[in-house]
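Subject: Structure handover

Hello,

My notes on it follow below.

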Amino acid sequence: MDQDDLALALKPFGSSRMLPKAAYVDADVLAWERQHVFSDWICIGRASEVPEARSAKAFDLGESGVLVVRGEDGVLRAFENACRHRGHELLPCGSTAQPRLLMCPYHAWTYELDGSLKNAPHFKNHGDFDKSDFGLFAMPVTEWHGWLFVDPSGRAGSFAEHVGELEDIVTRYDGATLKTPVTHTYDVAANWKVIVENYQECYHCSMIHPELCRVSPPTSGENIERKGAWVGGWMELREGAQTMSLDGRSGGAMMARLDEQEQHTVMYVAVLPNLLISLHPDYVMSHLLIPITPDLTRVSCSWSFPAEVADAAGFDPSYAVDFWDLTNKQDWAAVESVQRGVLSRGYVPGTLTPREDAVYHFVTGVARGYLEGRFAPRRRVAA
């Protein structure tokens, strides 16, 4: 990565440039990000995917996977999804199970739900073999308002420090009690950072999101400064609009503990590096990003509603799903076009308008991470 180009990205807001071209197209950069960014606290899914004792699921991390198990004691544990014998996955990526033991389907090495090796066939009389040396490699895991986060490196430190003051914003949406009846998966032909940057501004909304602009003024709201490894801000709903839907009406119910402002706004947050959260008065939408290649990102978009709404007879989540599926596809077309443009021979990183301050917050955080060797929570977002 060219240090002078990174220095341009870190100049004061108004004179800075976007990240160097290599940040979006170079395989070596993505390999560095996998080692230094997607190896600290990252989101892997919803806690409801591992709902009860003795449930397990294998989650995709891009190049590898993580196996999350809720033990007989109800405690969540996370392991590298690789047998200690010859590396075979214990569960296929994306699959779930309710095992009493974890058995490798290749050579039948068997593990307790706490990751300790229980049995390795034909090693009974092997004098140099000690089962305690071959437990599964564990990693920190935590539940946060219904989302699952893991720390593959084991060095990320406190998760509370990672999210910082975002805790105060998210808590009133009672995310841990929400139910998630719908998830869509999209393969987007763009670098993961292009998707995050698009999410951080509505400068583009009047050009490609007519439906969104009918229910939320694209110039409304503001970005906020708080501690933690995240960037975000809020936008208003138009007068008479209850939520983000094609007609502005809600097919659900208002969250019970929201204050006056939260009842009339939508909060958009990017929790670095890979979780985008949209907090609506009546539902929560999240995008989970997994980079596959420098120019391909898998995005899982989920819609979550209060349990009493999701469980009600005849409830139809399409009022929220249809709106954002349309808006998502409009965004995917835009970011894929950006990716193709960045690949052009003459591309030079551009500057930002005053309405793209949250993009600046994200870009400078990434640039500092490249220079310092890892992304880390910021004590305060630079204005």
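Which residues lie nearest the centre of the largest pocket? They are Y199, Q200, E201, C202 and M235, out of 34 lining residues.

First, the ground rules. This is a predicted model, where local features need pLDDT of at least 70, side-chain atom pairs count only at pLDDT 80 or more, and totals for chains, interfaces and linings use all residues. Residues are numbered from 1 along each chain as its sequence is written, and side-chain values use heavy atoms, with hydrogens and water left out.

**Pocket**

The largest pocket holds about 540 Å³ of space. A pocket here is an open set of points on a 1 Å grid over the protein atoms alone, where a 1.4 Å probe fits, with protein on both sides within 12 Å along at least five of seven lines. Lining residues have an atom within 4 Å of a point. Points are joined across faces, edges and corners, and the volume is the space filled by probe spheres set on them.

Helices (H or I, at least four residues) and strands (E, at least two) are DSSP runs, numbered from the N terminus. The largest share of the lining, 6 residues, comes from α10.

By class, the lining has 15 nonpolar, 14 polar and 5 charged residues. Nonpolar covers Ala, Val, Leu, Ile, Met, Phe, Trp, Tyr, Cys and Pro; charged covers Asp, Glu, Lys and Arg; the others, Gly among them, are polar.

**Helix α6**

Buried or exposed: how do the residues of α6 count? W192, K193, V194, I195, V196, E197, N198 and Y199 are buried. Buried means under 20% relative accessible area, exposed over 50%, and partly exposed in between (1.4 Å probe, protein chains only). With 8 of its 8 residues buried, α6 is largely enclosed by the rest of the structure.

**Cysteines**

The structure holds 1 disulfide (a pair of cysteine sulfur atoms within 2.5 Å). The partners are C202 and C205, with their sulfur atoms 1.9 Å apart. The link is left-handed, at -110° about the S-S bond. C202 is buried at 10% relative accessibility, and C205 is buried at 3%.

C93 is in no disulfide; the nearest cysteine sulfur, that of C43, is 15 Å away. C93 is partly exposed, at 43% relative accessibility. C213 is buried, with a relative accessible area of 13%.

**Salt bridges**

How many salt bridges does a search of the whole structure find? The count is 15. The criterion is a side-chain nitrogen of Lys or Arg within 4 Å of a carboxyl oxygen of Asp or Glu.

- R34 pairs with E63, the closest N and O atoms being 3.6 Å apart. This pair links distant parts of the chain, 29 residues apart: R34 is in helix α3 (residues 27-36), and E63 is in the loop between β2 (55-60) and β3 (65-70). R34 is buried at 15% relative accessibility, whereas E63 is exposed at 67%.
- D73 pairs with R77, with 2.9 Å between the closest N and O atoms. D73 is partly exposed at 48%, and R77 is partly exposed at 24%.
- K179 pairs with D311 (3.0 Å, N to O). Here the partners are 132 residues apart: K179 is in strand β12 (residues 179-188), and D311 is in the loop between α9 (307-310) and α10. K179 is partly exposed at 37%, and D311 is partly exposed at 48%.

**A sheet**

An open sheet of 3 strands runs in the order β6-β7-β8, with antiparallel pairing. Strands pair if DSSP finds at least two bridges between them. The edge strands, each pairing on one side only, are β6 (102-103) and β8 (117-119). β7 (residues 110-111) pairs with β8 over 2 bridges. Y111 stands opposite L117 in β8.

Best regards
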